[in-house]
Amino acid sequence: MAIDHTQKINGNGAAPHHAELDASKLVVTLAKELKPVPDPETLVFGQTQTDHMLVVNYDPVVGWETPEIKPYGPLTLDPMSSCFHYCPNVFEGMKAYIGPNGEARLFRPEKNMARLARSAERVALPTFDTEAVLTLIKELIKVDARWIPTIPGYSLYIRPTIIGTRAALGVAASDSACLYILLSPAGPYFRGMAKGIPLLAVGESVRSWPGGTGGHKLGLNYAPGFLPQRIAAKQGYEQILWLLGDDEKITEVGAMNFFVAVQREDGDVDLITPALDGTILPGITRESTLALADAHTSSKITLPGVLPTQKIHTHERAITMEELAKQADAGKVLECFGVGTAVLVAPVSRIGWKGRDLVLPAHEGGLGPIGKGLEQTILAIQTGRKEFEGWSVPCL
């Protein structure tokens with residue numbers, strides 16, 4: 001008969017108490033020597049580490065252990081750890097910005113915490129207090145605040161990550177975990193976007209499928225896209241436009257959410273993005289884009305460069321590659337762009353599909369008026385220069 005190991009340890013048959021993640025127990029060990037902060041204009045996305053990181057482990061018997069901010073360095077993991085074999089690995093992408101008074105700010109961080117919790121649940125990782133994780137993120141940012149670039153369009157990228165560390169090869173959920181948080185100063189994700197990003201539409205390989213994990217931010221979602229991306233690059237395309245099914249529904253562009261602005265007969269504009277059907281990541285920038293476009297239409301705000309009278313009707317619905325091509329050929333497509341935390345808003349210049357290039361309208365600087373207006377507005381909110389719905393949160 002199998003013996004339950006928690007009962008054996010307890011001795012009395014009662015389940016042990018699993019400690020919650022407690023930010024008040026944070027221990028800070030500062031680096032003895034600090035690295036020089038590089039010139040922001042030399043930064044390549046995701047290649048520079050700050051002086052410190054945060055690490056906290058989950059033990060199946062005691063629960064969450066003491067969180068620690070310590071000098072950046074390697075993790076020590078058992079070779080049998082679940083993360084190496086079965087990919088119970090989840091992460092988030094966030095950014096910190098410098099506000100008008102020199103304070104560090106986060107953009108809608110509660111949304112990232114909620115998505116991190118959903119992703120962890122999807123791969124059966126231990127649960128955690130999202131408010132505690134956010135508190136720990138803020139404390140880490142305070143320690144490494146000198147790394148936040150002050151140049152407009154630059155930021156401090158934040159990567160909260162949770163990996164399964166169960167040291168056994170049996171195919172089972174990981175009852176152990178490591179939550180760690182890294183910081184990296186970041187400049188533009190794509191450099192030289194003045195002409196926009198060329199895409200290759202791909203349906204033979206998919207990044208997500210109905211009933212799969214595309215709606216969660218899991219490490220396992222990304223590796224299958226590396227080979228198609230390499231093939232696209234050899235053909236002169238920057239990113240993949242992922243298609244799904246026999247009708248070639250558009251899902252995402254690279255690792256970004258996709259938007260297309262289409263001219264209506266009445267002079268208004270339809271702003272369309274694929275619906276959250278489980279194959280699409282519910283991006284925070286995606287949600288913000290929809291909300292700001294609606295706010296412009298309701299006259300709650302005005303997007304820079306867009307006439308206050310211009311109505312933008314947002315739609316979350318399926319859009320096929322054939323429909324997009326017909327709209328483009330008819331001259332109704334005004335602009336296409338991808339959105340995401342790392343890139344913010346990225347213009348699309350052309351799409352390779354069925355042996356031809358679907359050429360999209362060219363705009364000075366890459367982005368069209370709607371994309372540019374959204375980018376400028378989100379940047380103003382992120383840096384605290386514009387107030388909207390409490391989206392910008394100081395790291396107090």
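In which sense do strand E14 and strand E15 pair, and over how many bridges? Strand E14 (residues 269-273) and strand E15 (residues 312-316) run parallel to each other and are joined by five bridges; strands count as paired if DSSP finds at least two bridges between them. Helices (H or I, at least four residues) and strands (E, at least two) are DSSP runs numbered from the N terminus. Within this pair, Asp 270 stands opposite His 313 of E15. Between E14 and E15 the chain passes through helix H6 (residues 284-297), forming a right-handed β-α-β crossover, that is, one whose path from the first strand over the helix to the second runs clockwise with the strands pointing away from the viewer.

The model is predicted, with pLDDT of at least 70 required for local features and 80 or more for side-chain atom pairs, whereas totals for chains, interfaces and linings use all residues. Residues are numbered from 1 along each chain as its sequence is written, and side-chain values use heavy atoms, without hydrogens and water.

The protein chain is divided into domain 1 (23-186) and domain 2 (193-383), with bounds taken from an automatic or database domain assignment. Their C-alpha centres lie 28 Å apart. In contact (heavy atoms within 4.5 Å) are 25 residues of domain 1 and 22 residues of domain 2. The area buried between the domains is about 2,000 Å², of which carbon and sulfur atoms give 62%; buried area is the accessible area (1.4 Å probe) lost by two parts on being put together, summed over both.

Two salt bridges are counted between domain 1 and domain 2, a salt bridge being a side-chain nitrogen of Lys or Arg within 4 Å of a carboxyl oxygen of Asp or Glu. On the side of domain 1 that touches domain 2, two or more residues come from each of strand E5 (89-91), strand E6 (94-98), strand E7 (104-107) and helix H3 (109-122). H3 gives the most to this side, with six residues.

The structure holds 17 salt bridges. One of them joins the side chains of Lys 300 and Glu 389 (2.2 Å, N to O).
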